[in-house]
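Okay, hi everyone, I'll keep this short. Have a look at the picture first, and then I'll walk you through what I found.

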Amino acid sequence: MNIKICISLLIAVAGLSAHADKVESLLAQMTLEEKIGQLTLLSSKWEITGPVAGKSYVDEVRSGQCGNIFNVPKAEYVRQLQKTAVEETRLGIPLLFGYDVIHGYKTIFPIPLGLASSWDMDAVERSARIAAVEAAASGITWTFAPMVDIARDPRWGRIAEGTGEDTYLSCEVAKANVRGFQGNDLSDPFTVAACMKHFAAYGAAQAGRDYHTVDMSERMLRDTYLPPFKAALDAGCVSVMTSFNEFNGVPASGNPFLLKTILRDEWKFDGVVVTDYNSINEMIAHGSAADQADAAVQALAAGVDMDMMSSAYLKQLKRLLAEGRVTIEQIDRSVRNVLRLKEKLGLFDNPYRYCDEQRERNLHCAAPHLKASREIAGKSMVLLKNEKNLLPMKTGKRIAVIGPLAKAQKDLLGTWCARGDKEMVTSVLDALIQVNGSNRVEFSEGCGVTNNDITGFAGAVAVARKSDLVVMVLGETAGMSGEAASRTSINLPGVQTELLREIKKTGKPIVLVLLNGRPLALEQEAGMADAILEAWHPGTEGGKAAADVLFGKINPSGKLPVTFPRNLGQVPIHYNMKNTGRPLAPAADKPKFQSRYIDSPNDPLYPFGFGLSYTDFQYSEITLSKSEIKPDETLTASVTVSNTGKIDGEEVVQMYIRDLVGSVTRPVKELKGFNKIFLKAGESQTVTFSIGEKELTFLRRDMTWGVEPGYFDLFIGTNSRDVQSSSFSIH
Ligand code: BGC
């Protein structure tokens, strides 16, 4: 070993042990009450994100009962509270400040489902980095993000907060988010600690009703729902939040199988486990704990370090220890985890390193941040339809802008928009006026988002008649997705579809811009609109980004991270389903006794991975380096993609595999790679994917991971449906 390496190793070891020393020496001095305080997380009154309201908690901080706080969104207040903790408590242990920084802090980016639609991991990472920089300036040390829950039911409002239906894409997005939030050094005052959530299987709430029961096999859990957590963990994520649901009959916050067997023992996770809001108390309503004391015993035993808003540890642990129902080792283990996180964040060196009013003023909504928000919003939009190349629009035409969301500002920010400021948002209407001139844009609301009032229809029709082209801005309000916002219908709410039908009768070309937080059933709308742009809730600069796309300043490149069904009856529907024993034969003339509906096709309206561009991409056939490999070998698959249209554009080249025969059945397609490439008009590029153990491993019949010999189909294409195919084998 050379001398340099030796010295840096010594420094690293010395650093580590200094950290450990600090934590151990504090632990040795702490009273039981002080320890319990470190395991307590309370919400300030500034913002309410759960059913139990918070308060200022200054007294609790001063008395050491509350060692961590969330929902304090300003540097000034963070500093005051931190001062109380550091200067007025016996040991001066600084507080952690948590907040839901989900898709931006002041500068808001598209909702996570929109960010995932970009399939651009640099963009995702950049958005998380900017969110961290802005939040850290306000004193936030810990974000409750990323949410990595797989979600396959569009009724579930929280589908907006995640990455959609696919495990592979979700893993990539999870890693990019953790890199963005945490950077390389947690003590850097421009980063925040990440918290992957909600562990686990929360996205599988029955019937899409939030907080509802989850009942799934361990195989499904491990194969589909857990990998994004593992990916976030491997990327260095330092904390995890439990989920509200039960798994296998046991609420997640007291579930030793999830929190101990998988998280701590198998994955060796040594960070902080925090509960979701009040979820220790909720074990009583679940029917798995008799009272708060019982719930606290179960949570601590399962390995929950920090209690968010139940105050169950605060109220019960002292007595429980005296009664011998919990041990001091359990308490110390959790305190250690919490103190270690504070140490990693550099809070013992300087407890005020994250709150800086000057930085708040300079960095919140700084020009480069807004620029990134606009650019990334543009990347997140998905062009679903573009009949006769209606888009991009040319300036100078008379445009009728119609619909209840055309003037929206707050609704562009979407769910969990932290300190996003609706006053900073340019509506889609104003953005179109900025490009096309106010004398060539006329607006009519037509109807509301949710009510059934049709009195505005006539005015909207009159405005449409005078125009060359209609842009309709329809969808859902921001509050219609996110937490506790499940729907039993995934149609456009209210009378918006009827409004579209009336406008259609004018014969004018219609561009439909959608603002929404979940996949919608758009069969009727797709039959009427000539072009459809899925803009999600696109954030602070989203209105301008929509105009950028509509007028062709940006060539759309987003792809759906989740299937858009034809109707709610098809749900759950996702591209990576199993084949069944009676799959629907594509051209069967008498499809009786096949797995299908008698009143709807099986296939969705828009498949996973789908999204159009203003240019055309052609795919060559697939070239394989080998068609047969050994289980430990790798092959490569290449396609040449050509931009055969007239303008430059980006394309997401997607690679899927199918394992034809396995010890357990495998999905008909599984995404195993993608590459977003930029091609100038007329340009071609060869894209190569490597396929080996990482791509082919799966949870075999004996519940171990591995590759099984046999035959595989391989698909490469522009979405999960339109692909080139080839095959290979492993022997
Ligand atoms: C949500 C979490 C969130 C927490 C704190 C809960 O209601 O489920 O995702 O992080 O509140 O605001």
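This is a predicted model: local features need pLDDT of at least 70, side-chain atom pairs count only at pLDDT 80 or more; totals for chains, interfaces and linings use all residues.

Now let's move to the ligand. Which residues come nearest to it? There are 14 residues around the ligand, and the nearest are Thr49, Asp100, Arg158, His198 and Asp276. If you sort that shell by type, you get seven nonpolar residues, two polar ones and five charged ones.

Let's zoom in on a few side chains. For Asp100, an N or O atom of the side chain is 2.5 Å from an oxygen atom of the ligand. His198 does something along those lines: here an oxygen of the ligand is 2.7 Å from a side-chain N or O atom. And then there's Lys197, with a side-chain N or O atom 2.8 Å from a ligand oxygen. How much of the ligand does the protein bury? On its own, the ligand exposes 310 Å², and the protein buries 100% of that.

The structure has six of them at 30 Å³ or more.

What about the largest cavity, then? Its volume is about 100 Å³. It has 13 lining residues, and Pro112, Pro146, Glu161, Val173 and Asn177 are the ones nearest its centre.

Definitions and conventions
Residues are numbered from 1 along each chain as its sequence is written. Side-chain values use heavy atoms; hydrogens and water are left out. A residue is near a molecule or strand if one of its heavy atoms lies within 4 Å of it. A polar contact is a pair of N or O atoms within 3.5 Å; within protein, one must be able to donate a hydrogen and the other to accept it, and residues adjacent in sequence count only if both atoms are side-chain atoms. Accessible areas come from the Shrake-Rupley method with a 1.4 Å probe; for residues, only the protein chains shown count as cover. Ala, Val, Leu, Ile, Met, Phe, Trp, Tyr, Cys and Pro count as nonpolar, Asp, Glu, Lys and Arg as charged, and the others, Gly among them, as polar. On a 1 Å grid over the protein atoms alone, a cavity is a set of points where a 1.4 Å probe fits but cannot get out, and a pocket is an open set with protein on both sides within 12 Å along at least five of seven lines; lining residues have an atom within 4 Å of a point. Grid points are joined across faces, edges and corners, and a volume is the space filled by probe spheres set on the points.
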